[in-house]
Amino acid sequence: MEKRKYKRTHPFSIIKKLKISVFLVLLSIIQQFLYRPRDIFEYVTALGFNAVYAIAAIAYAVYSYTRYRYKLIENGIQIHEGLFIKRRFTVPYSKIQTIVFNLDAFAAIFGAVKVSFDTPAGLSKSYDISAYFSRKNTKLILLKIHDMNPETSCVKANFISTLLLCAFWSNPATGLLFIAPVISKLGDVAGNELANNIWRTQSDFRLRLIALNIPPATAGAASVLILGWIISMLLCFMRYGGFKTYNQGEYIVISKGLVNKNITFTKRACLSAITVEQGLLMHLMGIYTSGIFTIGSGKLKGDRSIIIAPEHKKTFFSSLQKLLKISPKEKMSVRTAKNTMPAYLYFPFFVTAVTVLTIMLADNFSIINDLFKALLLFLLIPLFWWMLFRVFAHERSHLGITSKYLVVCGFKRLTLKTYYIPFDKIQCVKITQSIPQRISGTCNIQVYLYFENRALHTVKHIPLDKAKTLLSHKKIHFF
């Protein structure tokens, strides 16, 4: 009687299981066509082996489907699964922090919707529950999870914002658009240099032909890179087209996708941090973007838990205030010490100085000095950009507090990130000092978040005494 209360997921789960082994099944089919048996016995043996393998893969998918069942109870979802070892577990509704509805276009043909649930007990790379349900049962789950309040505070990304989002994230645009002309130019230099050396040494004609073909080959490689970026940008646009964020009851909802629609429900009270991101190019354009740190975020392929696409400052902070009641105004803040600029610049400056010195001495290094020089000269462009970003990061990095959040503004790689962290989500605050920092009276502040994998955010070279005063103001314990 108890077993009847359990329901099976949508039969589309079988197709999903088969997708895992479909490549191996295809190999068997291809082998059957290409294999040339010497007699009927070999032919029947090969055919039988491949047939058994295909039947075994299908049987495994069907049996796995029959062994996975669920039941909606008053306070949670019960799961019964396992092929050889049976497992039963319950996920309480109150502990579910993130719900993801993936409306895949192919699954929709069969009337299936992939629904994923995540709690703090889940793994960092997979959801607690992830299964295909019918549209009818999906609606029942949705009704069980929340009371279906109307949408409020909706923020939609326009075409330009979505395009900028895809451009910044497509591998990224600035990197590929820089590498492509470099490859093309280096190909010209290498071809000319090699051709000159070959003509001087009177080498084989085939080597001369290779030298002549180097420039068009590298130009083709550069074109392939640009084409790859365009394709990546289009795929990203398909994933984030129609992007919007809104509030619904106790949830903040993120909806995106043109063909495959994805809707993520996240409890606002469970957000570990809200981020405001800005690279140097975004700073020059005057735009910002925002994302969230929470249990279950960022697990989907290509998902970066963004809640606001690139927008200009005034519009951006208005949207952030509308969605999460966050204002950029801080009650107290501590900026990086003015005399610590060299600490931000010494490493990129050292690399740039070594590169410039190498260019000056390149004539004595090898016979292909022109190619080597060209490579180093192009290398100066990203190094100069790196130094400019570090100057920008030094001016903006700080530690601050608002009525509800600890504000940690620091840099990661080539992005300036500001984290608004609720005080009750702070797990640990560490103050670290190197020997030079002890002399200058500065320190690095490291803040650990409540998250499913290690989340550490750092702001560097803050005056130690001011940092202690600010942290003590909200009775934040540190080590």
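Visitor: What percentage of the residues in the protein chain is buried?
Guide: The model is a predicted one. A residue is taken as buried when its relative accessible area is under 20%. Of the 479 residues in the protein chain, the buried ones make up 46%.

Visitor: What share of the contacts with a separation of 6 or more joins residues 24 or more positions apart?
Guide: A contact here means heavy atoms within 4.5 Å. Among contacts in the protein chain with a separation of 6 or more, the share from residues 24 or more positions apart is 59%.

Visitor: How many helices and strands does the protein chain have, and in which strand is Ser-134?
Guide: The secondary structure of the protein chain consists of 13 helices and 21 strands. Ser-134 belongs to the run of residues 129-134, which is strand 7.

Visitor: Which residues does Ser-134 contact, leaving aside neighbours within four places in sequence?
Guide: Val-113 is 21 residues from Ser-134 along the chain, and their C-alpha atoms are 6.2 Å apart. With neighbours within four places in sequence left aside, the contacts of Ser-134 are His-10 and Gly-111.

Visitor: Which strands stand at the edges of the open sheet of 7 strands?
Guide: The strand order in this sheet is 14-13-12-18-17-16-15, and the pairing is antiparallel. The two edge strands have a single partner strand each, so one side of each lacks a neighbour in the sheet. From one strand to the next, the twist averages 15°. The edge strands are strand 14 (306-312) and strand 15 (332-335).

Visitor: Which residue in strand 17 is the bridge partner of Ile-401?
Guide: Strand 16 (residues 398-401) and strand 17 (residues 405-412) run antiparallel and are joined by 4 bridges. In strand 17, Ile-401 has as its bridge partner Leu-406.

Visitor: At what angle to strand 15 does helix 13 run?
Guide: Helix 13 covers residues 464-473 and lies across strand 15, strand 16 and strand 17. Its angle to strand 15 is about 155°.

Visitor: Why are the buried residues of helix 13 on the same side?
Guide: The buried residues of helix 13 are Leu-464, Ala-467, Leu-470 and Leu-471. They are on the same side of helix 13 because the arc they cover around the axis is only 130°.

Visitor: Which strands do the buried residues of helix 13 pack against?
Guide: The face turned away from the buried side of helix 13 carries the exposed residues Asp-465 and Thr-469. The buried residues of helix 13 pack against strand 15, strand 16, strand 17, strand 19 (426-432), strand 20 (442-449) and strand 21 (456-463).

Key: Residues are numbered from 1 along each chain as its sequence is written. This is a predicted model: local features need pLDDT of at least 70, side-chain atom pairs count only at pLDDT 80 or more; totals for chains, interfaces and linings use all residues. Side-chain values use heavy atoms; hydrogens and water are left out. Buried means under 20% relative accessible area, exposed over 50%, partly exposed in between (1.4 Å probe, protein chains only). Two strands pair if DSSP finds at least two bridges between them. Axes are lines fitted to C-alpha atoms, for helices over the stretch in contact, and angles run from 0 to 180 degrees between N-to-C directions. The arc is that of the directions from the helix axis to the C-beta atoms.
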